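Here is a short report on one protein model.

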Amino acid sequence: MDGSHTQKLGSRSIAASLNGACVKFGDFTALADISLDIEPGDFWTILGPSGCGKSTMLRLVSDLVPPASGTVEIFGKTTEAARLAREFAFVFQDATLLPWRSALKNVELPLEIGRKRGITIPVGDRTPRELLELVGLKGREDALPHELSGGMRQRVAIARALVCQPKLLLMDEPFGALDEMTRDHLNLQLLDIWKETGTTILFVTHSISESVFLGQKVLMLESNPGRVKEVVDIDLPLPRKIALRDTPQFNTYCARLRELLEEC
């Protein structure tokens, strides 16, 4: 796949639609001619060399940086309209929890802010307490962030992102600073959450194995400027278990992505 734009802009059957999108910072071109259609319920991982624009792409989709040219639409809306409608949520590498608020109070924060601003916030089928249970933190609702491990704090951040029932979840290396065992556990838990909620996920990572283990598709970006190198379909069975990483098929995908990365 070469990133050709095959679907009509404005189609609500597309979760995220980028058509010739470019991002510039002054004279520097961070992303050039990005054209992709991401369908609802898909799980895409984004891989590429440092500086290729992986995080910038998430910021483009989330209305944090504007396109210098081209268009970006989220569920048929402009990125600004999608942001105001709470169509998406962002999970950063740092959990960014308020240290004086409990886990539960941190999850409730977007709802409180919305009420204070008079904004109607879409609320999902699960309460903040139920979302903490979904991410495996039942019984830790009253814990302050400093009483939680790094992995637990990231789970609180995921629960907070899900509280407004976003259709699209943007994740920028959320597990990059964690140890391997914790990362493996959260990878499995994230796949369970994805299956339960049906949320579309775009997930940035520097790990080839993580990109294959999580993704239905891996978007490989090349640098100078950031462009679509290739989109690799990952045809591996679901649900996935850690033992999958020892299979020849898994290692074949990893080898292919390593070759592409070396070409970038």
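## Overall fold

The secondary structure of this predicted model comes to 8 helices and 10 strands. Its radius of gyration is 18 Å, close to the 18 Å that the globule rule gives for 264 residues, so the protein is as compact as a globular protein of that length. The C-alpha trace spans about 50 × 45 × 35 Å along the principal axes.

Of the 264 residues, 52% are buried.

## Surface and charge

The accessible surface comes to about 12200 Å². Carbon and sulfur atoms account for 49% of that surface.

The protein carries 31 positive and 35 negative side chains. The centres of these two sets lie 5 Å apart.

## Salt bridges: Glu87 and Lys167

The model has 13 salt bridges. One of them joins the side chains of Glu87 and Lys167, at 3.4 Å from N to O. Glu87 sits in the loop between α2 (79–84) and β6 (88–91), and Lys167 in the loop between α5 (150–162) and β7 (168–172), so the pair ties together parts that are 80 residues apart in sequence.

The two partners can be compared by burial. Glu87 has a relative accessible area of 6%, so it counts as buried. Lys167 is partly exposed, with a relative accessible area of 42%. Lys77 also belongs here: Lys77, Glu87 and Lys167 are linked in a network of salt bridges.

Arg101 and Glu112 meet through their side chains in a salt bridge of 2.8 Å, N to O. Arg101 lies in the loop between β6 and α3 (103–116), while Glu112 lies in helix α3, so this bridge connects parts that are 11 residues apart in sequence. Are these two residues buried or exposed? Arg101 has 15% relative accessibility, and Glu112 has a relative accessible area of 18%. Buried means under 20%. Arg101 therefore counts as buried, and so does Glu112.

A further salt bridge pairs the side chains of Arg183 and Glu210, at 2.7 Å from N to O. Arg183 is in helix α6 (residues 180–197) and Glu210 in helix α7 (residues 208–214), so the bridge ties together parts that are 27 residues apart in sequence. Both Arg183 and Glu210 are buried.

## Thr45

Thr45 is placed in strand β3 (residues 43–47). Its relative accessible area is 0%, so Thr45 is buried.

Which residues does Thr45 touch, not counting residues up to four places away in sequence? The list is Phe203, Ser211, Leu214, Gly215, Lys217, Val218 and Leu219.

## Thr56

Thr56 is found in helix α1 (residues 54–61). At 16% relative accessibility, Thr56 counts as buried.

Beyond its neighbours within four places in sequence, Thr56 is in contact with Val23, Phe25, Ala30, Leu31 and Val65.

Notes: Residues are numbered from 1 along each chain as its sequence is written. This is a predicted model: local features need pLDDT of at least 70, side-chain atom pairs count only at pLDDT 80 or more; totals for chains, interfaces and linings use all residues. Side-chain values use heavy atoms; hydrogens and water are left out. Helices (H or I, at least four residues) and strands (E, at least two) are DSSP runs, numbered from the N terminus. Buried means under 20% relative accessible area, exposed over 50%, partly exposed in between (1.4 Å probe, protein chains only). Contact means heavy atoms within 4.5 Å. A salt bridge is a side-chain nitrogen of Lys or Arg within 4 Å of a carboxyl oxygen of Asp or Glu. The radius of gyration is taken over C-alpha atoms; the globule rule is 2.2 Å times the number of residues to the power 0.38. Accessible areas come from the Shrake-Rupley method with a 1.4 Å probe; for residues, only the protein chains shown count as cover. Lys and Arg count as positive and Asp and Glu as negative; His and the chain ends are not counted. The place of a charge is taken as NZ of Lys, CZ of Arg, CG of Asp or CD of Glu.
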